[in-house]
Amino acid sequence: MGIIINIDHFTRFGNLKKELSTIETELLSGTEILINSALNLNRGITGNSTAKCCDLNRGNNCKSVLKIKITDIPNELRWLCPECGSEGVIQNWRKSPVYLQSLHGRVKKKKFLNTELTLSRESFLILNNLVSSKLDLSILLNAAEEVDSKIHMYIAEFDILRILEQIALNAVSQPERKNELLSLKNEIINSFYSADKTFN
């Protein structure tokens, strides 16, 4: 697996920690170059980045451009140097300031993601409460629009899976809410299938 870089080490609630050292700041800068390169990359496909090996591999003078691949399960950004063979993983890359800024930018420009979900106001409020600790999901939910008493939100299919995972975890930890959460899950799945049929 090589070098492991966890974005949680550099950030707190989506913001950079104030106490980062110069070395940590330089490493984060190289990491964000790599993340920025990956933003338009399809999942599971290896592509070129604009980051150099020495940006992430301190003490290595290799100037080769890194190859990158995003995997959703596990949610990681993997990189490999084709010249010297160095490799590594960026964990929790969706928490990086550069990713969160790009998400804000897409929302402002209305460059939305794959799927439109339509939920009742009640279900949307429950969902918003469930994922409030996930900054990237909160950005997507904050961009939702209400039309005719229904909430419309645009979201990637992988993020729908993440939401369903949160619902399942809460159903286990809060069995008294099982029926409410099952109803929310069913509404999301039904909306997804309706949107998929419309798209096709």
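**Reading the sheet, the cysteines and a buried helix**

Me: In what order do the five strands of the open sheet stand, and what is their pairing?

Reply: The open sheet has its five strands in the order β1-β7-β6-β5-β4, with mixed pairing. Strands (E, at least two residues) and helices (H or I, at least four residues) are DSSP runs numbered from the N terminus, and two strands count as paired if DSSP finds at least two bridges between them. This is a predicted model, in which local features need pLDDT of at least 70 and side-chain atom pairs count only at pLDDT 80 or more, while totals for chains, interfaces and linings use all residues. Residues are numbered from 1 along each chain as its sequence is written, and side-chain values use heavy atoms, with hydrogens and water left out.

Me: Which strands does helix α1 lie across?

Reply: Helix α1 (residues 22-38) lies across β1, β4, β5 (65-71), β6 and β7, and its direction is at about 155° to that of β4. Contact here means heavy atoms within 4.5 Å.

Me: How many disulfides does the structure hold?

Reply: A disulfide is a pair of cysteine sulfur atoms within 2.5 Å, and the structure holds zero of them. The sulfur of C53 has its closest cysteine sulfur in C84, at 3.6 Å, which is too far for a bond. For C81 the closest cysteine sulfur is likewise in C84, at 3.6 Å, and again too far for a bond.

Me: Are C53 and C81 buried or exposed?

Reply: Buried means under 20% relative accessible area, exposed over 50%, and partly exposed in between, for a 1.4 Å probe and protein chains only. By that criterion C53 is buried, with a relative accessible area of 0%, and C81 is buried too, with 2%.

Me: How many of the eight residues of α5 are buried?

Reply: Six of the eight are buried, so α5 is largely enclosed by the rest of the structure. The buried residues of α5 are D136, L137, S138, I139, L140 and L141.

Terms used
Axes fitted to C-alpha atoms, helices over the stretch in contact; angles between N-to-C directions.
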